[in-house]
Amino acid sequence: MTFRSKASVSAVLAATALLATPLTVAAARDGSPGVRAEGRFLPPSPYFPPDAVTYDVTKVPVGAHITVVERTGARGTGIEIAVSGLLPNRVYGAHVHTKPCGRVPEDAGPHYQHVKDPHQPSTDPAYANAANEIWLDFISDARGRGVAESAHDWRFRRGEARSVVIHDHGTMTDPGEAGTAGARLACLTVPFV
């Protein structure tokens, strides 16, 4: 039987918190208002809910990294995502969601929509489309890295965009399945402007 001292347990918890805590800045590199959030994915925890959480450790391994950058200005909103440590040569879906990440995938709420579909969950292509939502689908390269960006001439409503969710496959566009991208694999809480 192995016993750990309080100091070693505290050190493990501190290291876990450091890995899970995203870095956030108030302005983008070009000086425009925006946010940068990043983290290393950890499994959900009732004690230390990580801001970067993986719900499927086989498709988004523990320790995989994500960075999300938001830039806002007179022309609207631009979102960039960069990931590493994922499975190689694979299509992933990714979207901005309305709530922060939680212990279960559904905690992140639905996709953020500029014009809200009155019927939820939204699968109507009139609302669930790349012009009305932030879609950040990407293909990981041979080393498990991927990038995507999305630009819109609108800005988020205050407090209504709170996370980026990585999904199991690319985003569908047909009626009845528009906006769907399979299971929610991982999530990063982002304090969008």
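I count a disulfide when a pair of cysteine sulfur atoms sits within 2.5 Å. By that rule I get 1 disulfide.

Notes on the source: this is a predicted model, so I take local features only at pLDDT of at least 70 and side-chain atom pairs only at pLDDT 80 or more, while totals for chains, interfaces and linings use all residues. Residues are numbered from 1 along each chain as its sequence is written, and side-chain values use heavy atoms, with hydrogens and water left out.

Entry one, the disulfide. I find Cys101 joined to Cys187, S to S 2.0 Å. The torsion about the S-S bond is about -85°, so I log the disulfide as left-handed. Cys101 lies in the loop between strand E6 (91–97) and E7, and Cys187 lies in strand E10, so the pair ties together parts 86 residues apart in sequence. Strands here are DSSP runs of E, at least two residues, numbered from the N terminus.

I also looked up burial (buried is under 20% relative accessible area, exposed over 50%, partly exposed in between; 1.4 Å probe, protein chains only). Cys101 is buried at 14%, and Cys187 is buried at 1%.

Strands pair if DSSP finds at least two bridges between them. I read 5 strands in the order E3-E10-E9-E6-E7, with antiparallel pairing. E3 (52–54) and E7 (138–139) stand at the edges with a single partner strand each, so one side of each lacks a neighbour in the sheet. E3 pairs with E10 (184–189) over 3 bridges, and Ala52 has Leu188 as its bridge partner.

I see 9 bridges joining E4 to E5 (76–84), antiparallel; Ile66 is partnered with Val83 in E5. In E4 (65–73), 7 of the 9 residues are buried.

Note on methods. Helix = DSSP H or I, 4+ residues; strand = E, 2+ residues; numbered from the N terminus.
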